[in-house]
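Thank you all for making time this morning.

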Amino acid sequence: MKKTFFFLLMAACLQGFSQGKTIYSVSHVKPKIGMTSTFETAWKAHVAKFHSGDDKRYVFEILSGDMTGYYSFVEGPFSLAGMDAEKPGMPAHDQDYEKTVAPTLAVETGVNFYTYIDSFSVNANVSAEKSIVTFTHVKNGRMGDYRNELSRAKAVVDKLNWPFNSSIYQMRNSGSSPVMVSVYNLKDGFKQLEMGYFKDVPNFRDAYIAMYGFNSWQKRLDLMDEVTVKTEVMMRKRRSDLSSK
């Protein structure tokens, strides 16, 4: 897609992250009213022409929040070096997109950058058609404290038989608005969000206190409240029919 919505790390936090293929690009679009079917048909044809080889796109439909009705187009993983490579056939790609897909759209979003962080992620091998995505906006200058607490929490979870999962990403070039993103893949669908769906789940609070002590638990609660500006949550589903094969 011509306008790409990249996920990378914040520049100040490059140390401690893998320099391999950890980057994902994502673009968001919203069809014009009454043109959703036309958009999907045009996009399917575009994908078949230009994204059936190595340059694949994976599509999600957003079901809740301020971006309800938008579609996400995901590319990756790739490396920073991969971003320097010129893709062959781009003029024909762009021309096709501008003539067939763009006229069906009401909105195309801007560009941001994130990178996947394996050391903070839990059971990240879980794949699902439906998922919950949480954006945590952290106070400027406090991402280091937030990351330290994520590391402590990961150490606790690693000792538990945890039925949940989360894939963690962090924004790069975020300026004064650092953001951490968590993707929770719902293997059993949205019913997995019901209270009591998982039986006999180990208690995270008790395990945390057992490892670090009660005072550390209270400090965790105070820290999360102090450094978090806001959180945003969206529900989404994967659209395999619109994705590369």
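Predicted model: local features only at pLDDT ≥ 70, side-chain atom pairs only at ≥ 80, totals over all residues.

**Helix packing, and then the rest of the chain**

Let me start with helix H3, residues 143–157, and helix H4, residues 204–212, whose axes come within 9 Å of each other and cross at roughly 105 degrees. An angle from 65 to 115 degrees counts as roughly perpendicular, and therefore H3 is described as roughly perpendicular to H4. If you want to find this contact on your screens, look on the H3 side for Glu149, Arg152, Ala153, Ala155, Val156 and Val157, and on the H4 side for Phe204, Ala207, Tyr208, Met211 and Tyr212. Sorted by class, the contact between H3 and H4 has nine nonpolar residues and two charged ones, with no polar residue among them.

Staying with H4, we can turn to its packing against helix H5, which covers residues 214–227; here the axes are 7 Å apart and the angle is about 125 degrees. That angle makes H4 and H5 oblique to each other. From H4, the residues involved are Phe204, Arg205, Tyr208, Ile209 and Tyr212, and they meet Phe214, Ser216, Trp217 and Arg220 of H5. In this contact of H4 with H5, six residues are nonpolar, one is polar and two are charged.

Let me now step back to the chain as a whole. How many helices and strands are there in the chain? There are five helices and ten strands. The C-alpha atoms fill a box of roughly 60 × 40 × 30 Å when it is taken along the principal axes. For 245 residues, a compact globule would have a radius of gyration near 18 Å, and the 20 Å of this chain agrees with that. Of those 245 residues, 43% count as buried, while the chain exposes about 13,100 Å², of which carbon and sulfur atoms supply 52%. If we take contacts between residues at least 6 apart in sequence, 81% of them join residues at least 24 apart.

Next come a few places where the backbone deserves a second look. In general, most residues other than glycine have a negative phi, and most peptide bonds are trans. Against that background, the peptide bond that joins Gly76 and Pro77 is cis, with omega about 5 degrees, and Pro77 lies in strand E4, residues 71–78. Asn123, which is not a glycine, has a positive phi near 50 degrees; its place is in the loop between strand E6, 113–116, and strand E7, 130–138, and its relative accessibility of 35% makes it partly exposed. Asp200 likewise has a positive phi, of about 55 degrees, without being a glycine. It sits in the loop between strand E9, 179–186, and H4, and with a relative accessible area of 78% it is exposed.

I will finish with Lys32. Where does Lys32 lie? It is in the loop between strand E2, 23–31, and helix H1, 36–50, and at 34% relative accessibility it counts as partly exposed. Leaving out residues up to four places away in sequence, Lys32 touches Pro103, Thr104, Leu105 and Ala106. Lys32 and Ser79, on the other hand, are 47 residues apart in sequence and 34 Å apart in space, C-alpha to C-alpha.

Note on methods: Residues numbered from 1 in each chain as written. Heavy atoms only, no water. Axes fitted to C-alpha atoms, helices over the stretch in contact; angles between N-to-C directions. Helix = DSSP H or I, 4+ residues; strand = E, 2+ residues; numbered from the N terminus. Parallel < 35°, antiparallel > 145°, perpendicular 65-115°, else oblique. Contact = heavy atoms within 4.5 Å. Nonpolar A, V, L, I, M, F, W, Y, C, P; charged D, E, K, R; others polar. Rg over C-alpha atoms; globule rule 2.2 N^0.38 Å. Buried < 20%, exposed > 50% of the residue type's maximum accessible area, 1.4 Å probe, protein only. Areas by Shrake-Rupley, 256 points an atom, 1.4 Å probe, with all protein chains shown as cover.
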